[in-house]
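Reader: Could you take me through some side-chain pairings and a helix packing in this entry?
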Amino acid sequence: MTALDTAPAPGGRAPSADGPRSRRREDGASRAEGWRRRLPLMPAFVFVVICTQIPFLLTIWYSLRSRNLLRPEGETFVGLRNYLDLAVDSTFRTAALNSILFTLGCVLVSLLLGLGLALLLDREFVGRGFIRTLLITPFLIMPVAGAMLWSISMFDPTYGLVNWLIGTVGISPVDWTSQFPMLSIIIALVWQWTPFMMLLLLAGLQSQTGDVLEAAQMDGAATWTTFVHITLPHLRFYLELSVLLGAIYVVNTFDQIYLMTAGGPGTASANLPFYIYQRAFLGFDIGQSAAMGVVTVIATIIIATFALRLIFTSINSKEQS
């Protein structure tokens, strides 16, 4: 052994022969600590896997087979044929387009109305708590009850409230759910989801410090200028979160379509969840409906991933600033 081999390390200490072994012990201890922290979450993780991932894997399996409940003996493996059939299915394209229109129409209108209501409720006035409770009420009503309310009490062509109102100005009664099915469903969805948007944006407004607003007011900034350059950038995270959560929930709309228009006239107001229901429980075509479900889930995951990246980017930029 040479003097170079026994020379001390640059830090002044001689290298220990137990160094690698000590690092392995530390790594093992850190892994054990990590598993101890994850252990309380394992029951929830197993429950989520059983309730979501296993059914999704079965759905993928069914999507690769020709399976019809009326002809169970004719089940065969067809590979990607069910997915290729979707490319030439005009009804599927119509349902996909309707899903986009429902989601965009409901989310955008609800967001604007929710922002306006949140700005009003952010001010002090007599009875603000009572008014806020009334505005939240539509979100607390069951979707089935809300759909029946709009279909019977509001849009009924004979004794609906909307036709009574337009009749007071000389307009003839309108069968809203038959003549304007898309508009009728969007109105019902906006009524239900506006309180949700309002609550999120109101939380964002109330998290804003008053010092910044007072400084802008002392500098002579107008109300609109303060809103555009101070309040709106502060609400960016809450706006993005509202759009993401609203889109995830609205894209799965079923109750309003089933009870108000039944996807009609024909399939003019059917979205993807309703069309999947029709193919599975009315047409008994399990393979085709499973393929549509897989495509819908993948598209939703892609959109949600993109939206989450935008939100995380917004959070990181806010923390850095």
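Predicted model: local features only at pLDDT ≥ 70, side-chain atom pairs only at ≥ 80, totals over all residues.

Reader: Is Glu240 buried or exposed?
Author: Glu240 counts as buried, at 19% relative accessibility.

Reader: How many salt bridges does the count come to?
Author: The count comes to six. Among them is the pair Glu124 and Arg128, at 3.4 Å from N to O. Glu124 is exposed, with 69% relative accessibility, whereas Arg128 is buried, at 18%.

Reader: Which residues are linked in a network?
Author: Arg65, Arg67 and Glu75 are linked by salt bridges in a network. Between Arg67 and Glu75, the closest N and O atoms are 2.7 Å apart. Arg67 is partly exposed, with a relative accessible area of 26%, and Glu75 is also partly exposed, at 25%.

Reader: Turning to the helices, at what angle do the axes of H5 and H9 cross?
Author: The axes of H5 (residues 128–140) and H9 (residues 181–206) cross at roughly 130 degrees and come within 6 Å. H5 is therefore oblique to H9. Their crossing is left-handed.

Reader: Which residues make the contact?
Author: H5 contributes Arg132, Leu135, Ile136, Pro138 and Phe139, while the H9 residues include Trp191, Trp193, Phe196 and Leu199. The contact residues of H5 and H9 divide into 11 nonpolar, two polar and one charged.

Terms used. Residues numbered from 1 in each chain as written. Heavy atoms only, no water. Axes fitted to C-alpha atoms, helices over the stretch in contact; angles between N-to-C directions. Helix = DSSP H or I, 4+ residues; strand = E, 2+ residues; numbered from the N terminus. Parallel < 35°, antiparallel > 145°, perpendicular 65-115°, else oblique. Left-handed = near helix turned anticlockwise from the far one by under 90°. Contact = heavy atoms within 4.5 Å. Nonpolar A, V, L, I, M, F, W, Y, C, P; charged D, E, K, R; others polar. Salt bridge = Lys/Arg side-chain N within 4 Å of Asp/Glu carboxyl O. Buried < 20%, exposed > 50% of the residue type's maximum accessible area, 1.4 Å probe, protein only.
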